[in-house]
Amino acid sequence: MSQDQSFDVVIIGGGPGGYNAAIRAGQLGLKTAIVESRGVLGGTCLNVGCMPSKALLHASELFEAAHHEFKTIGIEVPAPTLNLVQMMKAKQDSVTALTKGIEFLMKKNKVTYFVGFGKIEGQGKVSVTAQDGSVQHLTTKNIVIATGSEPTPLPGVTVDQKQIVDSTGALSLPTVPKHLVVVGAGIIGLELGSVWRRLGAKVTVVEFLDRITPGMDTEVATGFQKILAKQGFTFKLGTKVTAAKTGATGVTLSLEAAKGGNPETLEADVVLVAIGRRPFTQGLGLETVGITTDQRGFIPTNHFKTAAPGVWAIGDVITGPMLAHKAEEDAVAAIELIAGKAGHVDYDLVPSVVYTFPEVAWVGKTEDQLKAAGVQYKVGKFPFMANSRAKINHETDGFVKFLADAKTDRVYGVHIMGPQAGEMIGEACVLMAFGGASEDLARICHPHPTRSEAVRQAAMGVEGWTMQA
């Protein structure tokens with residue numbers, strides 16, 4: 001039995017874009033519904049992405065520290081053993097608690113939550129198909145598409161979530177593989193590769209490009225690769241995977257040089273395909289309102305408005321960084337525009353973070369981009385080796401780099417590779433949002449001893465007055 005219900009806003013997708021859009025809409029007094037097919041809110045990020053991966057990164061980091069670092073600082077313990085079942089349970093318990101928290105936020109903000117697959121059925125119409133096949137019909141003044149993204153498949157390689165996995169499968173392996181091959185040297189592959197390497201796997205990363213982490217400043221990426229290699233990663237760059245064959249003992253990958261060359265094979269217990277993500281827009285009924293995706297599958301928008309009146313799109317289904325916090329910014333801006341306010345997102349100030357150890361975080365322009373644009377700039381750098389807190393904590397890998405205009409000193413970009421980099425990039429975002437100069441940050445007192453002093457020292461370095469190195 002179907003029932004008609006009318007709303008000011010119906011949001012399709014309950015990930016960071018969708019649920020934050022629902023919260024903001026509720027705050028602004030809009031009658032709001034959210035539709036999510038998983039049966040739990042939080043999207044990829046909370047259920048099979050950002051949050052579970054951070055749980056495993058944290059646990060595996062402690063496991064490795066207990067193996068290697070405890071003894072150095074005078075903590076004598078028997079060699080720790082891995083209880084992978086308990087580690088996975090702890091991960092899932094955290095995820096479950098967070099999803100329940102989002103359900104509470106929906107109730108708090110008077111958002112109606114529909115479990116089922118949301119589909120546009122024409123202007124102002126959305127159907128919700130539950131798992132049992134029953135359908136509810138919603139009418140609405142505004143539809144917000146927030147359906148996110150899914151792992152990009154690799155031609156010639158079939159994911160079975162057992163021997164060949166994507167990021168979802170890699171978060172729930174039942175045993176530690178002897179040899180894990182990661183296809184793709186981006187953020188997801190390196191984070192999940194770090195988890196399993198710490199827990200005992202040999203990890204080989206195969207990347208089509210001749211460098212790791214595309215989008216990261218080249219100098220930082222080069223240093224990052226050296227640190228990961230020192231930790232035990234093996235890299236095969238400039239190499240493409242042409243096929244994968246599964247067997248009783250593992251997977252045989254067929255490889256060849258990206259620029260042509262003799263083919264070779266690589267044996268693995270488990271292969272993780274992590275070559276990126278693509279927008280999820282299949283079956284949404286976009287054609288019923290005249291929306292056509294671009295060649296890469298993204299929905300074209302102008303300030304979140306699609307080609308269809310009253311239909312908006314945010315997050316991973318539109319262009320821009322495929323990041324949870326970017327989707328959240330989109331969500332707030334789009335809802336504020338729907339409510340007649342002035343919503344805006346500055347995509348130049350969306351930070352990126354790699355949650356390996358050390359972490360890598362950056363915001364703004366890279367040196368490569370400034371050179372390509374012909375911009376005259378100055379560089380300030382400071383190594384964590386010279387930072388007292390990092391030295392005391394035996395966390396000295398990495399450095400901070402500031403890029404600022406050669407004449408005006410306005411900061412174009414900040415790049416941090418080091419402990420807690422993801423926590424420290426925030427002050428660079430604030431500085432740049434206010435159009436700040438490197439000197440502004442260089443003259444702000446930072447607490448001592450903290451890792452954040454390295455950020456200040458790098459800012460000092462732009463004008464050549466670094467004091468601690």
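User: Is C45 buried or exposed?
Analyst: C45 is buried. This is a predicted model, and in it C45 has 14% relative accessibility. The cut-off for buried is under 20%, so C45 falls on the buried side.

User: What does C45 form with C50?
Analyst: C45 and C50 form a disulfide. Their sulfur atoms sit 2.4 Å apart. The cut-off is within 2.5 Å, so the pair counts.

User: How many disulfides does the count come to?
Analyst: The count comes to 1 disulfide.

User: And which hand does the disulfide of C45 and C50 have?
Analyst: It is left-handed, because the torsion about the S-S bond of C45 and C50 is about -135°.

User: What about C50, how accessible is it?
Analyst: C50 is partly exposed. Its relative accessible area is 27%.

User: Where is the nearest cysteine sulfur to C429?
Analyst: That sulfur belongs to C50, and it is 16 Å away. C429 is in no disulfide.

User: Is C429 buried or exposed?
Analyst: Buried, with a relative accessible area of 15%.

User: OK, new topic: helices. How do α1 and α4 pack?
Analyst: Helix α1 covers residues 16-27, and helix α4 covers residues 84-108. They pack at an angle of about 30°. Their axes are 9 Å apart.

User: Why give both an angle and a distance?
Analyst: Because two packed helices are described by the angle between their axes and the distance between those axes.

User: Which hand is the crossing of α1 and α4?
Analyst: The crossing of α1 and α4 is left-handed.

User: Which residues make the contact?
Analyst: From α1, they are Y19, A22 and I23. From α4, they are I102, L105 and M106.

User: What classes are the residues in the contact of α1 with α4?
Analyst: By class, 6 are nonpolar.

User: Last one. Where does A55 lie?
Analyst: A55 lies in helix α3, which covers residues 50-68. A55 counts as partly exposed, at 24% relative accessibility.

User: And what separates A55 from I416?
Analyst: Along the chain, A55 and I416 are 361 residues apart. Their C-alpha atoms are separated by 22 Å.

Key
Residues are numbered from 1 along each chain as its sequence is written. This is a predicted model: local features need pLDDT of at least 70, side-chain atom pairs count only at pLDDT 80 or more; totals for chains, interfaces and linings use all residues. Side-chain values use heavy atoms; hydrogens and water are left out. Axes are lines fitted to C-alpha atoms, for helices over the stretch in contact, and angles run from 0 to 180 degrees between N-to-C directions. Helices (H or I, at least four residues) and strands (E, at least two) are DSSP runs, numbered from the N terminus. A crossing is left-handed if the near helix is turned anticlockwise from the far one by less than a right angle, and right-handed if clockwise. Contact means heavy atoms within 4.5 Å. Ala, Val, Leu, Ile, Met, Phe, Trp, Tyr, Cys and Pro count as nonpolar, Asp, Glu, Lys and Arg as charged, and the others, Gly among them, as polar. Buried means under 20% relative accessible area, exposed over 50%, partly exposed in between (1.4 Å probe, protein chains only).
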